[in-house]
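Please open the model in a viewer and keep the selection panel at hand.

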Amino acid sequence: MHPAWFHVENEHEIPSPALLFYRERIEHNLQLMLKIAGGDAQRLRPHVKTHKTAQIIARQVELGITQFKCSTIAETEMCAASGATDVLLAMPCVGPNAHRLAELALKFPDTRFSSIADDEATIRMLAEAAEKQGVTLGLYLELDCGMGRTGIVPGDEAALLAHTMQNTPGVQFRGLHAYDGHIHDDSLEVRKESCDAAFAPVHQFRCRLQNEGIVVKELVAGGSPTFGIHAAHADRTLSPGTTVLWDFGYGDKYPVDLPFQPAAVLLARVISKPGKNRLTLDLGHKSVAPEQPQPRVRFEELPDATVIMQSEEHLVLETERAHEFAIGQALHGLPRHVCPSVSMHGEAHVIEGGKHVDRWTVTARNRRITV
């Protein structure tokens, strides 16, 4: 019988709990991202928060994807060091982080660095930091298209901020950033209706700015659930993140229009069998994102197992098949939310051709690399 896709021939070499990256599946997902983007790598600005890994950035650069989006200074530095030519830090840069971004621009002169702002104070902080280092930093106006997390609603106040960006020394107005993380309906039709409604004011605002003499070079739009929807609009740059590794949270919801493959697995082992129908695994909530409802991880060998409890290093499952599993036996789990699950591991064990072949450091797991 052909081994299951998650089978690892030499997994006895891997201590658990562990994060596994399946290289062929990552490649499939990268190729699918390019396909959805119409084969144009320059339309992609993938978010790196999902994997935080330099080797994946390097592979994307090989494929012609040279623009990236980040959430932290460490992710930003990782991208630049891995060959990115254009990096957007999609987080308002305040306090020391404004100066750190300016330091990166000085350290990596071949990379263009930008951030976002939705307030004049943020613009001023970034401009002061840029001028202190003698560099120019890009700025995108952060628009609130309905999520209510950061951003300013398109209108007169937003237009005034765009003009302020254009006229402030040290920074350069680059465009608009609008993240629609609140749109994640199962139905593609409903998702599309919600997305189109959310971006109608954004489109009108872009036209307004251009009529006022402000060149909007780029509109960075959406995340993973709306990736394919935004791809139908040639004037938008696409910034999916989860698509590189995928998880069952999105996989269950979007199997048709976003057929990405799960490429990250959590390896766990049976460490105890405390009573009838129970298995205890070494996969606590320090190894898988704990903010999600149970099951936070779905085991390929036991998809219907019930979670009884989870603590820092333990996960107790209930299943009538408990007698089939021996102490020390490995199980392979898909996280519900892969992005924060990856950041709980210092390294990923790379699986290729059904074998464990390498280990990759989760480069930007920490908040600081050098700057």
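A residue is called buried when its relative accessible area is under 20%, and exposed when that value is over 50%. The model under view is a predicted one.

**Helix α5**

Begin by selecting residues 120-133, which form helix α5. The helix has 14 residues and reaches 20 Å from its first C-alpha to its last, close to the 20 Å expected at 1.5 Å a residue. Now colour Thr122, Ile123, Leu126, Ala127, Ala129 and Ala130, which are buried. Viewed down the axis of α5, these buried residues fall within an arc of 165°, so they line one face of the helix. Glu131 and Lys132, on the other side of α5, are exposed.

Which elements do the buried residues of α5 pack against? Display α4 (96-107), β4 (112-117), β5 (137-143), α6 (156-166) and β6 (171-178), for these are the partners.

Stay in α5 and centre the view on threonine 122. Its relative accessibility is 8%, and it therefore counts as buried. Leaving aside residues up to four places away in sequence, threonine 122 touches Pro92, Cys93, Val94, Ile116 and Ala117.

**The largest pocket**

Next, select Lys49, Arg149, Tyr179, His337 and Cys339, the residues nearest the centre of the largest pocket. This pocket holds about 1000 Å³ of space, and its lining comprises 44 residues. Elements giving two or more residues to that lining are α3 (73-81), α9 (248-251) and α10 (338-342). By class, the lining of the largest pocket has 14 nonpolar, 18 polar and twelve charged residues.

**Two cavities**

How many cavities of 30 Å³ or more does a search of the whole structure find? The search finds two.

For the largest cavity, select Glu142, Leu143, Asp144, Cys145, Met147, Arg149, Thr150 and Tyr179, which line it. The space inside is about 60 Å³. Its lining divides into four nonpolar, one polar and three charged residues.

For the second largest cavity, select Phe199, Val202, His203, Arg206, Leu219, Asp235 and Arg236. About 40 Å³ of space lies within this cavity. Helix α7 (residues 188-211) supplies the largest share of the lining, four residues. Three nonpolar, one polar and three charged residues make up the lining of the second largest cavity.

**Backbone details**

Turn now to the peptide bonds. Serine 16 and proline 17 are joined by a cis peptide bond, with omega about 0°; proline 17 is in the segment before β1 (18-22). Another cis peptide bond, also with omega about 0°, joins glutamine 294 and proline 295. Proline 295 lies in the loop between β10 (278-281) and β11 (297-299).

Then select lysine 52, in the loop between α1 (23-36) and α2 (54-62). Its phi is near 55°, a positive value in a residue other than glycine. Lysine 52 counts as buried because its relative accessibility is 10%.

Finish at tryptophan 246, in the loop between β8 (237-238) and α9. Tryptophan 246 is not a glycine, yet its phi is positive, at about 65°. Is the residue buried or exposed at 2% relative accessibility? At that value, tryptophan 246 counts as buried.

Definitions and conventions
Residues numbered from 1 in each chain as written. Predicted model: local features only at pLDDT ≥ 70, side-chain atom pairs only at ≥ 80, totals over all residues. Heavy atoms only, no water. 1 Å grid on protein atoms, 1.4 Å probe; cavity = no way out; pocket = protein on both sides within 12 Å on 5 of 7 lines; lining within 4 Å. Points joined across faces, edges and corners; volume = space filled by probe spheres on them. Nonpolar A, V, L, I, M, F, W, Y, C, P; charged D, E, K, R; others polar. Expected span 1.5 Å × (residues − 1). Buried < 20%, exposed > 50% of the residue type's maximum accessible area, 1.4 Å probe, protein only. Arc of directions from axis to C-beta. Contact = heavy atoms within 4.5 Å.
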